[in-house]
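This report walks through one protein model, from overall figures to single residues. Keep the sequence and the 3D view open while reading.

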Amino acid sequence: MKKRVLVSLLTGAMAVSLLAGCGKGGTDDANAGGGQSTGGAAAGTEAGADAGSDEGAGGSAAADGEIYEVVMTIPVLGAEPSGLADVEAAINEIAEAEVGVHVTLYPISAFDLSSQVNLMITSGDKVDLISTLFSGVSDYVNKNAIIPLDDLYAQYGADIEKAEGIAMAGGYFDGKLYSIPSEEKWARSYGFFARTDIVEELGFTFDIDKTYTVEDLEELFAAYKEKYGDGYYCVAGTASNSEFYQYMNATDTLGGSYGTGVLPGGGLDGETTVTNIFATPEYQAHAERMYDWAKKGYFSPDASTNTDAGTVQVQSGFYLGSFSSTETDMESNLSRDCGYPMTTINLVEPFAATQMYTTTSWAITSGCENPEKTFQFLNLLYADNDLDVMLTYGLEGTSYKVLDDGDEPGGRAVIDYADGVDAASTPYNMPLHVFGDKLSIPVFTPNEMSYYDMAEEFNNSISDDRKSVALGYVFNATEVAAQQTAVSAVIQQYIGIVNCGAQDPATVMPEFLKALEDAGIDEIIAANQAQLDAWLAEQ
């Protein structure tokens, strides 16, 4: 693989014990849920923005020539990687020399990321660079938890701009740039991934270029359950990410949290009425379907409370598969992460909506003492492919090996697990892929070098009729912040119950809808509608 700088650091990372010892993001700290205190609570947004200016940087904690410590949250699935300290040391060998930054990687479960980061910020714990995975930036902005990045981006963001292009639209909120996206896909398709060996054993065939119905999927489920019986389950999922409706139906969440007002049909049919999706007949039918699945044993008895990642559940051998987005490289990614070859069953054709650009992005906290240095490191992630590779796949020879690097630019290559290592035993792997320029780093076999052309073709294939009418719009919930918090809590309370069929929808759905109404969802939808109407009028 082509390397830009410090090729030897990958094999020598374990010798950099001094750098590894400087990190404060080890297992004990991560489990405790707090970093090093900055000595004060997070400052307001405008104050944070000023700190990112030239004047603010001059008075920061890291004076010229000194190394500034950046505490960076990284979302993980399952336990903290055993090779985290080695990766951290290798990263710092580059970051300290290039931008005067020492990085402490702070692993947090992806499903607890938003709540944990908010707790750290409000508690005054030291945290500088945060992943906004799954949550977007609106809640952080409304809490004055992150700073605008416009000036820093203009001064230091050339490599980011080159890598992200139009995907930068996903970083803006209320007219200001608050986050830096890390997106290589400009649309999403959705569906289900099933173990290929079982699909073939049961006599089914699914064409990756076709779109199937939920009824088609249920035929597979019924055959699997009849063959394998008790103790084997069709759908892997967890209490915190089991909103399966969105994997079977196109919905535009208007750049905000799922459920607090969406455009049904993905906004693809010209519909501009903001809707409480949970109150629709379609969602009621979905809830009844999930209850039927539970009665048939398609879900495990603890599905609504299980917090294991879907990939981990499939690895156990007791699950057929899981719902996911299905575009481009997802089949090979999930085959790698689940430990079995997986077959794609598309249920929703590719479409584009704003939330797709906001899924993986990075923001700087208002409590950061040196936003300038932090942003320089963030831009370095898009400039130096070595960093992206290490943060995503770990160290070459330890976690992965290169199979083919072709003649592609940058770090494009095909890789596999290192000798003697697999999905379950690798010391480091981040299957969520949230770092830097994701089109400049390797892909896992059975992907081939042709993947990069396929990804670019996929991006260019999205026609206007598969783009939401609200593409580019993001709801600002400031005026209904209290209601937004209350509604989100209600959704978290009920979503696993409904989508894993844990209770009869005849009983639980009226309770759910009443709780949403009491929490203020109608006020949120009215505010969302007014903003969307104004936005549409300006287009």
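## Overall figures

Residues 24 or more positions apart supply 80% of the contacts in the protein with a separation of 6 or more. Contact means heavy atoms within 4.5 Å. The model is predicted: local features need pLDDT of at least 70, side-chain atom pairs count only at pLDDT 80 or more, and totals for chains, interfaces and linings use all residues. Residues are numbered from 1 along each chain as its sequence is written, and side-chain values use heavy atoms, with hydrogens and water left out.

The protein has 22 helices and 16 strands. These are DSSP runs numbered from the N terminus: helices are H or I with at least four residues, strands are E with at least two. Of the 539 residues, 57% count as buried. Buried means under 20% relative accessible area with a 1.4 Å probe, protein chains only. The accessible surface comes to about 20600 Å². Carbon and sulfur atoms hold 48% of that surface. The areas come from the Shrake-Rupley method with a 1.4 Å probe.

## Nonpolar cores

A nonpolar core is a set of buried Ala, Val, Leu, Ile, Met, Phe, Trp, Tyr and Cys residues joined through side-chain atoms within 4.5 Å. The largest one has 61 residues. Met72, Leu105, Ile180, Phe375, Phe377 and Leu378 touch the most other members. Helix 6 (residues 84-99) gives the most to this core: seven residues.

Leucine 378 is in contact with Leu129, Ile160, Ile180 and Trp362, leaving aside its neighbours within four places in sequence. Another core lies apart from the largest one. It has 35 residues, among them Phe192, Tyr212, Ala303 and Cys500.

Four strands form an open sheet in the order 8-11-7-12, with mixed pairing. Two strands pair if DSSP finds at least two bridges between them. Strand 8 (233-236) and strand 12 (342-351) stand at the edges. Each has a single partner strand, so one side of each is left without a neighbour in the sheet. The twist averages 20° from one strand to the next.

Strand 8 runs parallel to strand 11 (residues 319-325), joined by three bridges. Here valine 235 stands opposite glycine 321. Strand 7 pairs antiparallel with strand 11 over five bridges. Strand 7 also pairs antiparallel with strand 12, over seven bridges. Tyrosine 190 has partners on both strands: serine 325 in strand 11 and valine 348 in strand 12.

How many of the residues of strand 7 are buried? Eight of its eight residues are. Helix 16 (residues 330-338) lies across strand 7 (188-195), strand 11 and strand 12. It runs at about 140° to strand 12. That angle is taken between N-to-C directions, from 0 to 180 degrees, with axes fitted to C-alpha atoms, for helices over the stretch in contact.

## Helix 7

The buried residues of helix 7 (residues 113-122) are Leu113, Gln116, Val117, Asn118, Met120 and Ile121. They pack against strand 1 (68-76), strand 2 (101-109), strand 3 (129-131) and helix 8 (138-142). Just after helix 7, glycine 124 takes a positive phi of about 80°.

## A buried loop threonine

Threonine 260 is in the loop between strand 9 (251-252) and strand 10 (263-264). Why does threonine 260 count as buried? Because its relative accessibility is 2%. Beyond its neighbours within four places in sequence, threonine 260 is in contact with Gln484, Val487, Ser488, Ile491, Ile524, Ile525 and Asn528.

How values were computed: Buried < 20%, exposed > 50% of the residue type's maximum accessible area, 1.4 Å probe, protein only.
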